[in-house]
Every structure is written in structure tokens, then in C-alpha cells.
Amino acid sequence: MTQSELLTTAAVNSWKLVTSRLDEMIGSLTDADLDQVVAPGRNRVSYLIGHLVSVHDKMFALLGVGERLHPELDAEFLTSPDTHGPSSVSAADLRRLWTEVNTKLTSTMESLRPEQWLEKHTTVSDEDFAKDPQRNRLSVLLSRTNHASFHIGQIRLTR
């Protein structure tokens, strides 16, 4: 295995580990657990999961590997704060969306070759990428893996 293969495989495996931890966590939560707030005045667990679904869904376009599956979730889970009111997405649908988006995204990630991970992501211009080649797909994967890990910690606060 080349160094590029080792590094990109390690990054994808880290993503898979974090999302599998979230899979287990989400699977163990009751619908009532999803309504718990992380801390007084903060987001509910259901909001955090919906937020992660939206962020991960946006990765298809950001990585340039496909169309988004559920852009309709952005209004509730990305551009608006958690209102602690009724969600437009049921607990069952939230679990289904989590699985759908992450299964497809992970499969797509696994199909990328190491050199493709070092290509620019779609929100950086060619000129800016030439100045800073670290604005690549791999950096997106690493930052989104870290982001998901952060929210795992928040969800664990409710246990």
C-alpha cells in the first residue's frame, strides 16, 4: 500500500468508526430520549441527529460525488436553531434518514481513489486551491468526522 492509500484508508476508516458509533447510539435511544436536551436551553438530541444528517447530506455536493438526497432538511436543522417545538420529521424518519444518507455517503467515499481525495472540494476556486491545496476532499472528510465526534459527546451528556 502506498502512503496515500494508507492515509486515505485511515481517514475513511475513522469516518466509518465514528458513524458506526452514532449508529449504535441512535439505535439505543428511545423516542423520548431523542427529545432530551443536551443542556438547559440547548439543542435536543433529535435536532443534533437531524443536523448531522443535513451536514452529511451536503457532503455529496461538497465532495463533488453526487446530488444531495434531502436538501429539504436544511431549513429545520441547519439554518434555524432548535425551537424545542414539534419537528417536521418523526423519530422513525430521522433514524431512516440517518441510515440512508450515511450508508450511501460511506459507500461513495469507499469508491474514491487516494488521489481523488487530494482533489479540491467544490466550494474552493481553482485559484484558491492552487494557493492552498489543503482545501481538498480529504480535509472535508477529516473536519466532518471531527464534527460528528463532537456531537457524539453532546449526545452522551444526556445519558
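**Reading rings and core in a predicted model**

Me: What does a search of the whole structure find in the way of aromatic pairs?

Reply: One aromatic pair turns up across the whole structure. Keep in mind that this is a predicted model.

Me: How do I read a pair like that?

Reply: A pair of aromatic rings is described by the distance of the centres and the angle of the planes. Here, the ring centres of Y47 and F77 are 5.8 Å apart and the planes sit at 50 degrees, so we call the pair tilted. Y47 belongs to helix α3 (residues 45-63) and F77 to helix α4 (residues 74-77), so the pair ties together parts 30 residues apart in sequence.

Me: Are Y47 and F77 buried or exposed?

Reply: Both Y47 and F77 are buried.

Me: Which ring has the charged end of K104 over it?

Reply: That's F60: the charged end of K104 sits over its ring, 5.8 Å from the centre.

Me: OK, now the core. Which residues touch the most other members of the largest nonpolar core?

Reply: In general, nonpolar side chains tend to be buried together in soluble globular proteins. In this model the largest nonpolar core has 38 residues, and L22, I49, M109, W117, L141 and I155 touch the most other members. Helices α1 (3-28), α3, α5 (91-111) and α8 each supply at least two residues of this core, with α3 giving the most, ten residues. Take L22: beyond its neighbours within four places in sequence, L22 contacts L52, W98, A148, I152 and I155.

Me: Why does T145 count as buried?

Reply: Because its relative accessibility is 6%, and the cut-off for buried is under 20%. T145 lies in helix α8 (residues 137-156). Setting aside neighbours within four places in sequence, T145 is in contact with S14, W15 and V18.

Definitions and conventions: Residues numbered from 1 in each chain as written. Predicted model: local features only at pLDDT ≥ 70, side-chain atom pairs only at ≥ 80, totals over all residues. Heavy atoms only, no water. Helix = DSSP H or I, 4+ residues; strand = E, 2+ residues; numbered from the N terminus. Buried < 20%, exposed > 50% of the residue type's maximum accessible area, 1.4 Å probe, protein only. Contact = heavy atoms within 4.5 Å. Phe/Tyr/Trp six-rings, centres within 6.5 Å; stacked < 30°, edge-to-face > 60°. Lys NZ or Arg CZ within 6 Å of the ring centre and 35° of its normal. Core = buried A, V, L, I, M, F, W, Y, C linked by side-chain atoms within 4.5 Å.
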